[in-house]
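Colleague: I would like to go through this model step by step. Please show me the sequence and the structure.

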Amino acid sequence: MPLRPSMLTEIEAALGAALLPSLTTASAASDIYEAYLFSIVVEAARSEGANVMFECVGGGIPNPFVFRTSPGYIASSEHNYGYAVLAFPTRPPLEVHVGIRVDGHSHVLHECDVCVLFQDEAQLCRAKAPLMVAPRSSKVIVAVEAKHYTGGVPLHLGRAFLGLEADLSAECVFFVANRDAGSIEKLLAHKRRRWDSQITPLQSDRVSRLHHSFRNAFKDFKAKFS
Amino acid sequence: MTESEADLWYSRLSDFARSRQLGWVVEEVEAEASMGELRRSKLDVSEAVVDDEPAMIPVGLAKRRKTRATFVVARQFTARERLALLIKALEIAVSQHTTIANHVASYVSEQLGGAAAQFAPELETAEGFRLSPNETRPAVEAGQHLDVLLTELLREVEDAP
């Protein structure tokens, strides 16, 4: 069946109406994707029995909830950045942050797109402000490397992830992409690393699988600190 | 759809995307297209057979053995395949993205009594942005309509003989 002559005009009109003003750069899409994975991590903790509270660097309940759009320090007060506090009964409290720098084995600072760490480590870093202290990766429970791509996810990101994971002492480090990532999936499966792909609200089965992977990480945390 | 029609569609869609500040999507597609389609393929290879006295045999006269080995081979995309990559990328950049943005805006709003989600860089020179469900919900509906159109176009591209 030949295409309608008006097809291109219809696509242009629909695309214009669907386009959010914020979506003008690849980085904005990535920032929103990190926030989306933050919500999956928080909900996985809630499913595993955590009491969840939202706080911000300036204290109190965040309104608006401010996400970082560039890697930053956990104690930064440039904006009133928000984070989640996870309280598992009888276990040390945890915090979930987006886009913070953490200190690796080599003392190189790495960005964690989503980072779950001990609250006492986060508080220690904030207490040292205005000194910008980066939390130690040995205090990180879950780190997520988020990748949002419209075209193919380049293989070098998989290699970079292996390097990142090797330099972090975090318990669980995940590579998560919004679309299929053939070569990277092969590489990470071969290296027995944690990864998932095509994670979007439209893929409920895959989201559910990732949710369970995060739950397992919290289950292990609860067992170790019981 | 013929190859030349696919070229024309690619050109018009990518120009429109660039005019709506989606040039980064076109760039990602072009990076993917430049890699070509990778697949494993068994190819005939001819290897020199190592002799006890290799230095005694003149170049080109050494015994050779024919075998087959597996290689990773890159094949250039056709114009139709390249157009299909662009259509799928636009679907991800617009329809999928609005769904993710709506999820984030709704999540923050539900968890924090109607609060908006704000995105702010540490650098003062860079700009941030806000998301609220009032803004993202209509975009999701428009994105669903766009999805229908892009799927129709993709079918035309992929079903062409």
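Colleague: In which sense do strand E1 and strand E3 of chain A pair?

Modeller: This is a predicted model, where local features need pLDDT of at least 70, side-chain atom pairs count only at pLDDT 80 or more, and totals for chains, interfaces and linings use all residues. Residues are numbered from 1 along each chain as its sequence is written, while chains are lettered from A and ligands numbered from 1 in the order in which they are written. Strands (E, at least two residues) and helices (H or I, at least four) are DSSP runs, numbered from the N terminus, and two strands pair if DSSP finds at least two bridges between them. E1(A), residues 51–56, and E3(A), residues 82–87, share six bridges, and their sense is antiparallel.

Colleague: Which residue in E4(A) is the bridge partner of A:Val85?

Modeller: E3(A) also pairs with strand E4 (residues 94–103) of chain A, antiparallel, over three bridges. These two strands form a hairpin with six residues between them. In E4(A), the partner of A:Val85 is A:Glu95.

Colleague: Which strand of chain B does E2(A) join?

Modeller: Four bridges link the two strands, which run parallel. One bridge pairs A:Arg68 with B:Ala120. The strand of chain B, residues 117–120, is E3(B).

Colleague: Which element gives the most to the side of chain A that touches chain B?

Modeller: Residues are in contact if their C-beta atoms, placed from the backbone, lie within 7 Å. The contact takes 50 residues from chain A and 55 residues from chain B. Helix H1 (7–18), helix H2 (26–47) and strand E2 (65–68) of chain A each give two or more residues to the chain A side. With 10 residues, the top contributor is H1(A).

Colleague: Are H1(B) and H3(B) roughly parallel or roughly antiparallel?

Modeller: Axes are lines fitted to C-alpha atoms, for helices over the stretch in contact, and angles run from 0 to 180 degrees between N-to-C directions. The axes of H1(B), residues 3–19, and H3(B) come within 8 Å and cross at roughly 30°. Because angles under 35 degrees count as roughly parallel and over 145 as roughly antiparallel, H1(B) and H3(B) are roughly parallel.

Colleague: Where in chain B is confidence highest?

Modeller: pLDDT is the predictor's confidence in each residue, from 0 to 100. Chain B averages 87. Strand E1 (residues 37–48) of chain B is lowest, at a mean of 80. The highest, at 95, is helix H3(B), residues 79–111.

Notes:
Contact = placed C-beta atoms within 7 Å. Parallel < 35°, antiparallel > 145°, perpendicular 65-115°, else oblique.
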